[in-house]
Amino acid sequence: MLNDAYLALLKKHGGSYKVNKVAGGHTGILKDGAPFMTLTPGMFDYEARLRAMDAAGVDLAIVTLTSPNVYWGSARQSLEAARAVNDDMSAQSRRFPERIRFMCSLPWQHPKLALPELNRACDELGAVGVMVLANIDGESLTHHRYGPIWREIDRRGLPVLVHPSAPPATKDLDLMKYNLIASVGFMFDTSLAVSRMIFDGFLERHPRLKLIAAHGGGALPYLAGRLDICFDNMPACREKISERPSSYLRRIYYDSVVFQQESLELALKVGGADKLLFGSDYPHNIGDMKGCLSRVNALPAAQRDAVRGGNAIRIFSL
């Protein structure tokens, strides 16, 4: 979910992020000329979300700010944008206490500001988790300067949604046409970020961290065997970890935003029934609350109930 104050700040201070018309006459957010996020009315309308939830049979939503989040502008502007979104989401969760929770956004690129905002969002506003993009303005999530933020998140045992953004070097990857960021670039961004975290020993350093890889983990379930065989045969892959990557893939969580049953079942097989969460991508233009739920409902009963809500109730302490 977004709000008008956030969008106004992005338009004014977004730098390489621009808000312009895109193919089809819609308004989109572009990175270096490449569109990657289409604005929809539902992003600004909580009552419309509740109607969509009612129509699909969804009781409660945990909302987040999508990409490009607040990783732009000066330190002051980034913090102002994060606070505008966190305050609004908190207000909406109080307005609809049985229907809405939220994961806070942070000015990650400014750790000295991000930590106080994390504490404020959790202790005062009621955030139940943290949102982070798969790259922070082109920088890796494992960069040492984000260490204090990750340590506090781990101390609190918070769920963290890793959501993709425009990949680094978007222009060099020639992603300007055909909405290749949304279809392929996002999957690459998440897969690279989480793979790097695995090989870096990140999950061992942060044992209480509940990491959620968006969109069924990107390509990670499909790549699990390749990650393992590289670990088995390449010393560089064993510098910081002693277990095969597939074992770490069972420690992270996945959402159900995959759009085909076979992909959902692969994520379930790689991650386990206790690691899959219902998600829909609503209110993005490719969001499909009913379709994503129908695929979850097609699972065997015990798995279905865990994915539909049991796992989320557990990890978010709802």
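**Exercise 1.** Which side chains meet in a salt bridge at 3.4 Å, N to O? Find the pair in this predicted model, then work out what it joins.

*Solution.* 
- Step 1: The partners are E117 and R83, whose side chains form a salt bridge with an N to O distance of 3.4 Å.
- Step 2: Place each partner. Because E117 sits in helix α4 (residues 111-125) and R83 in helix α3 (residues 75-95), the contact ties together parts that are 34 residues apart in sequence.
- Step 3: Check the surroundings. E117 has a relative accessible area of 2% and is buried, while R83, at 34%, is partly exposed.

**Exercise 2.** Describe the salt bridge between D87 and R120, and see how it connects with Exercise 1.

*Solution.* 
- Step 1: The closest N and O atoms of D87 and R120 are 2.9 Å apart.
- Step 2: D87 belongs to helix α3 and R120 to helix α4, so this pair links distant parts of the chain, 33 residues apart.
- Step 3: R120 is buried, with 13% relative accessible area; D87 is partly exposed at 31%.
- Step 4: Now bring the residues together: R83, D87, E117 and R120 are linked in a network of salt bridges.

**Exercise 3.** Is D200, a salt-bridge partner of R205, buried or exposed?

*Solution.* 
- Step 1: Start with the contact: the closest N and O atoms of D200 and R205 lie 2.8 Å apart.
- Step 2: Buried means under 20% relative accessible area, and D200, at 16%, counts as buried.

Note on methods: Residues are numbered from 1 along each chain as its sequence is written. This is a predicted model: local features need pLDDT of at least 70, side-chain atom pairs count only at pLDDT 80 or more; totals for chains, interfaces and linings use all residues. Side-chain values use heavy atoms; hydrogens and water are left out. A salt bridge is a side-chain nitrogen of Lys or Arg within 4 Å of a carboxyl oxygen of Asp or Glu. Helices (H or I, at least four residues) and strands (E, at least two) are DSSP runs, numbered from the N terminus. Buried means under 20% relative accessible area, exposed over 50%, partly exposed in between (1.4 Å probe, protein chains only).
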